[in-house]
Amino acid sequence: MTEKLFIPVILGTNREGRQSENVAKFLYDRMNGHEKIETKLFDVRDFNFPTNDYGQALKDKGKFSEYRDAIIKADGLVVVVPEYNHAYPGTLKSLLDVVLREYVHKAVGLVGVSAGPWGGTRAVESLVPVVRELGLAVTFSNLNFPQVQNTFDSDGKLKDDAYNQRADEFLEELIWMAETMLWGRKNLPSKYHQN
C-alpha cells in the first residue's frame, strides 16, 4: 500500500488536569512518525457544544465541519477514553454523535485510561456498543493505561518503555483492519458508502 491511512486521534475528555492528554499526545506522536499513518488530533475541549442542539444538526457548523470532513476522509480512528464512574465522558459521546454514516465500515481502536488498576477497561467496554451502532469496527485488542498518573513524568514523557511495544502492537492491528476495510469500501458494494 503506497498511500498513507488517515487515522485521527480523539481525546475524549475536557476535564481540567486530565492525565489522558499525555496518552493522546504519546499516541499522536507515535502515529505521526509511522510510515503507514497520517493523523490529526481532535480534542473535545476545542469544540463548543451548544446547550440547545445536538447530534448531526451540528456537523455543518464551525469546528464541527472540520471534524465531519476528517471522518469522511478517515480510514480509522483512535479514541482515547478515560474512565469516569465506570463509563466514558459525555463530551466524547457528544462529539461522536455529530456524524453517523461517515463512520460506517471504518476501523476504530479504543484506548482506556484510568487512575486505578484496570486502565479504563469499563469505559472501553461501555463504548463498544456505541461505536458499533455508529458503524465502526472495533479492533480485537485495546490499549490500556492503568494508574496513568504514574505512567508519565511531569513533562508528559513516558516512564515505562513497555508501552512503546504495546502501542506498536495496537497500531499494527488497527492498520490491518483499516487497510482491509479500505479495500472493502473500494471494491465491495454497500448501501452505506459509495465505491
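Predicted model: local features only at pLDDT ≥ 70, side-chain atom pairs only at ≥ 80, totals over all residues.
Me: What radius of gyration does the chain have, and what would a compact globule have?

Reply: For 195 residues a compact globule would have a radius of gyration near 16 Å, and the value for the chain is 16 Å, which agrees with that expectation. The C-alpha trace, taken along its principal axes, spans about 45 × 45 × 25 Å. Of the 195 residues, 47% are buried, while the accessible surface comes to about 10000 Å², with 47% of that area belonging to carbon and sulfur atoms.

Me: Which share of the contacts with a separation of 6 or more comes from residues 24 or more positions apart?

Reply: Residues 24 or more positions apart account for 79% of the contacts in that set.

Me: How is a pair of aromatic rings described?

Reply: The description of a pair of aromatic rings rests on the distance of the centres and the angle of the planes. In this structure there are ten aromatic pairs. One of them joins F42 and F47, whose ring centres are 6.3 Å apart and whose planes stand at 35°, so this pair is tilted; F42 and F47 are both buried. Another joins F42 and Y67, with centres 5.4 Å apart and planes at 90°, so that pair is edge-to-face.

Me: Where in the chain do F42 and Y67 lie, and are they buried or exposed?

Reply: F42 belongs to strand β4 (residues 41–43) and Y67 to helix α2 (residues 62–73), so their pair ties together parts that are 25 residues apart in sequence. Both residues are buried, and ring pairs link F42 and Y67 with F47, F49 and F64 into a cluster.

Me: Where is S114 placed, and is S114 buried or exposed?

Reply: S114 sits in the loop between β6 (106–113) and α4 (121–133). Its relative accessible area is 10%, and because the cut-off for a buried residue is under 20%, S114 counts as buried. Once its neighbours within four places in sequence are set aside, the contacts of S114 are with E83, G119, G120, F145, P146, Q147, V148 and Q149.

Conventions
Residues numbered from 1 in each chain as written. Heavy atoms only, no water. Rg over C-alpha atoms; globule rule 2.2 N^0.38 Å. Buried < 20%, exposed > 50% of the residue type's maximum accessible area, 1.4 Å probe, protein only. Contact = heavy atoms within 4.5 Å. Areas by Shrake-Rupley, 256 points an atom, 1.4 Å probe, with all protein chains shown as cover. Phe/Tyr/Trp six-rings, centres within 6.5 Å; stacked < 30°, edge-to-face > 60°. Helix = DSSP H or I, 4+ residues; strand = E, 2+ residues; numbered from the N terminus.
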